Amino acid sequence: MLNDLRPRQRKNLERVIPLPIVDRTMLILDVFAQHARSREGKLQVELAQLRYRQSNLIGVGADLSRLGGGIGTRGPGETKLEVDRRRIAQRISVLSRQLDDVRRQRATRRSAPRHEPLVALVGYTNVGKSSLLNRLARSDALVADQPFATLDPTMRRVWLSADRYVRVVDTVGFITDLPKDLVNAFRATLEELGEADLMVHVVDASNPDWPRQMQAVEGTLHDLHLETKPRLLVFNKCDALDGKPAHFEDALCVSARTGSGIDGLKAALENVEQRSCSE
């Protein structure tokens, strides 16, 4: 299992191993960068990468040499390390302003009157949230059997019965010990969870490691101060099992692939819609 490295550890490894040294956070950031499609997603990933690089800058050897300073290169000038820090800080400032604009635009949209409840799909990465959204809405959102295929929120309108609808949004998947730089960079996106009337926690029932994954998601929701938000636990991929795991009587068991259990999930969402309309 990959772990994070200290800057000095990475430098020492690079001296003895003639290959790029990648730690856990760097790998996660690279995967996010490959999957970012929208302008907002690319801004968020770049900001996270720069913040991580900024926190890991150290000076060794040539990095501490002085660059020419002033007219005729008089004076000590700046070290390469200082130049790197200044340029990174400038770029972070630009990206932060652009993402602040995104946050304000989202806040404006959220303040507009809405007549349908908002349901947010949350869960560990690659548990089938996008497939579940497609099954509920009969849509064609991107589905891929790989981690972090969804970075940008995807919203669809889901018909429940008669004239009853809810809006369902698919969000970025979580992982154990989600890097703080990623949480901070994606905060504008994750703020959508705070506006949801209900969070549907999707768990991959076919994964033997689902208890740890579920605990990781609960921990991230706690860090985002969302632990008191109304929540519905849904075990997905139940077609690979005889039934849902024991000790979760209130949970639903569905299969986004076969459609089993989807009617029960829609009925549960309809209860949310009815409560929202009565308030």
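Start by selecting Asn 126, which sits in the loop between β1 (118-123) and α5 (129-137). Helices and strands here are DSSP runs numbered from the N terminus (H or I, at least four residues, for helices; E, at least two, for strands). Asn 126 is not a glycine, yet its phi is positive, about 70 degrees. Its relative accessibility of 29% makes Asn 126 partly exposed; buried means under 20% relative accessible area, exposed over 50%, and partly exposed in between (1.4 Å probe, protein chains only).

The model is predicted, with local features needing pLDDT of at least 70 and side-chain atom pairs counting only at pLDDT 80 or more, while totals for chains, interfaces and linings use all residues. Residues are numbered from 1 along each chain as its sequence is written, and side-chain values use heavy atoms, leaving out hydrogens and water.

Next, select Ala 162, in the loop between β2 (154-161) and β3 (164-170). Ala 162 also has a positive phi, near 50 degrees, in a residue other than glycine. With a relative accessible area of 59%, Ala 162 is exposed.

Of its 279 residues, 45% count as buried. Among contacts (heavy atoms within 4.5 Å) between residues at least 6 apart in sequence, 62% join residues at least 24 apart.

Move to helix α2 (residues 24-35) and helix α3 (residues 39-55), which pack at an angle of about 160 degrees with axes 9 Å apart. The axes are lines fitted to C-alpha atoms over the stretch in contact, and angles run from 0 to 180 degrees between N-to-C directions. That angle makes α2 roughly antiparallel to α3, a term for angles over 145 degrees. Select Thr 25, Met 26, Leu 29, Asp 30, Phe 32 and Ala 33 of α2, then Val 45, Ala 48, Gln 49 and Tyr 52 of α3, to display the contact. Its residues divide into seven nonpolar, two polar and one charged.

Of its 44 residues, Leu 132, Leu 193, Val 200, Leu 221, Leu 265 and Leu 269 touch the most other members. Centre on Leu 132: leaving aside residues up to four places away in sequence, Leu 132 touches Leu 121, Val 202, Val 254, Ala 256, Ile 262 and Leu 265. A second, separate core has 10 residues, including Leu 43, Leu 50, Ile 92 and Leu 95.

Note on methods: Angles under 35 degrees count as roughly parallel, over 145 as roughly antiparallel, 65 to 115 as roughly perpendicular and the rest as oblique. Ala, Val, Leu, Ile, Met, Phe, Trp, Tyr, Cys and Pro count as nonpolar, Asp, Glu, Lys and Arg as charged, and the others, Gly among them, as polar. A nonpolar core is a set of buried Ala, Val, Leu, Ile, Met, Phe, Trp, Tyr and Cys residues joined through side-chain atoms within 4.5 Å.
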